[in-house]
Amino acid sequence: MKRYIAPSVLAANFLDLRKDIEMINNSVAHFIHYDVMDGVFVPNISFGLPILKQISQIAKKPIDVHLMINDPDPYIIPFKEAGAANITVHMETCHHLNRTVNFIKEQGIMAGICLNPHTPVSTLEEVLPLADMVLLMSVNPGYGGQSFIESTYPKVEKLRNEIDKRGLKTLIEVDGGVNYKTAKKLFDAGANVLVSGSFVFKSETPEKTIEKLLNI
Ligand code: DX5
Ligand code: ZN
């Protein structure tokens, strides 16, 4: 099973962002995870287009944009133009998810569908073949540094079975509370991409932490 690590810049030092992006560039990480929050769908506001534009000028890894915003459709093209290689939208925020996912793919980038911890895997029944990636939230979205919700493991297993049963290549990404302990169990359960924010950036040697997460 392919394994990827996506450090989340939500936990970076914004006063020295270049240094943290360069750290990710020099690490074995595969993606840069970029969390966009609107203060409506989630109870927090993070950052948006102008900062993504600047990051994408120096980023050497594809930028994985996680849109925690209501009605994301008008923002797909602007985020693509700002440098997104992948755009993930929440199942809970889209009235016409099928259309939104297809629209993202029409822009020539990868499309992801994200499920909150309370949203069952069964809601993907019709849309699963459309998505390049499914992002399972292992915390309630809105903040970094929260503790991992244990019911994520059976959710990953269920989704892995479904993807394999249908012969799909959809990647399973997990976001929230990823550390050495949870990473091992998540990879074992069938996850492909692990997002990690505070665990990576609060560690003494973030580059080594990324490598250890990948090879756990
Ligand atoms: C939470 C964000 C996450 C966050 C993860 O709403 O979507 O990507 O950065 O942070 P940690 O790894 O600290 O739980
Ligand atoms: Zn995220």
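User: Which element gives the largest share of the lining of the second largest pocket?
Analyst: Keep in mind that this is a predicted model. Two elements give two or more residues to that lining, namely α1 (17–26) and α2 (49–58). With 5 residues, the largest share comes from α2.

User: By class, how many residues in the lining of the second largest pocket are nonpolar?
Analyst: The lining includes Phe14, Leu17, Ile21 and Phe47, along with Arg18 and Gln54. Sorted by class, 2 of the lining residues are polar and 1 is charged. The nonpolar count is 7.

User: Which residues lie nearest the centre of the largest pocket?
Analyst: This pocket has 27 lining residues. By class they split into 12 nonpolar, 13 polar and 2 charged. Nearest the centre, though, you'll find Gly144, Gly145, Gly176, Gly177 and Gly197.

User: Where does ligand 1 sit?
Analyst: Start with who surrounds ligand 1: there are 20 residues, and the closest are Asp35, Gly142, Asp175, Gly197 and Ser198. Gly197 also turns up among the residues nearest the centre of the largest pocket. As for ligand 1 itself, the place where it sits is the largest pocket.

User: By class, how many residues of the shell around ligand 1 are charged?
Analyst: Let's go through the classes one by one. The shell has 7 nonpolar residues and 11 polar ones. That leaves the charged class, with 2.

User: How far is a polar side-chain atom of Asp175 from an oxygen atom of ligand 1?
Analyst: A few polar atoms are worth checking here. A polar side-chain atom of His33 is 3.4 Å from an oxygen atom of ligand 1, and a polar backbone atom of Gly177 is 2.8 Å from an oxygen atom of the ligand. For the polar side-chain atom of Asp175, the distance is 2.7 Å.

User: What percentage of the accessible area of ligand 1 does the protein cover?
Analyst: On its own, ligand 1 has 380 Å² of accessible area. Of that area, the protein covers 99%.

Conventions: Residues are numbered from 1 along each chain as its sequence is written. Chains are lettered from A and ligands numbered from 1 in the order in which they are written. This is a predicted model: local features need pLDDT of at least 70, side-chain atom pairs count only at pLDDT 80 or more; totals for chains, interfaces and linings use all residues. Side-chain values use heavy atoms; hydrogens and water are left out. A residue is near a molecule or strand if one of its heavy atoms lies within 4 Å of it. A polar contact is a pair of N or O atoms within 3.5 Å; within protein, one must be able to donate a hydrogen and the other to accept it, and residues adjacent in sequence count only if both atoms are side-chain atoms. Accessible areas come from the Shrake-Rupley method with a 1.4 Å probe; for residues, only the protein chains shown count as cover. On a 1 Å grid over the protein atoms alone, a cavity is a set of points where a 1.4 Å probe fits but cannot get out, and a pocket is an open set with protein on both sides within 12 Å along at least five of seven lines; lining residues have an atom within 4 Å of a point. A molecule sits in a cavity or pocket if more than half of its atoms lie within 2 Å of its grid points. Ala, Val, Leu, Ile, Met, Phe, Trp, Tyr, Cys and Pro count as nonpolar, Asp, Glu, Lys and Arg as charged, and the others, Gly among them, as polar. Helices (H or I, at least four residues) and strands (E, at least two) are DSSP runs, numbered from the N terminus.
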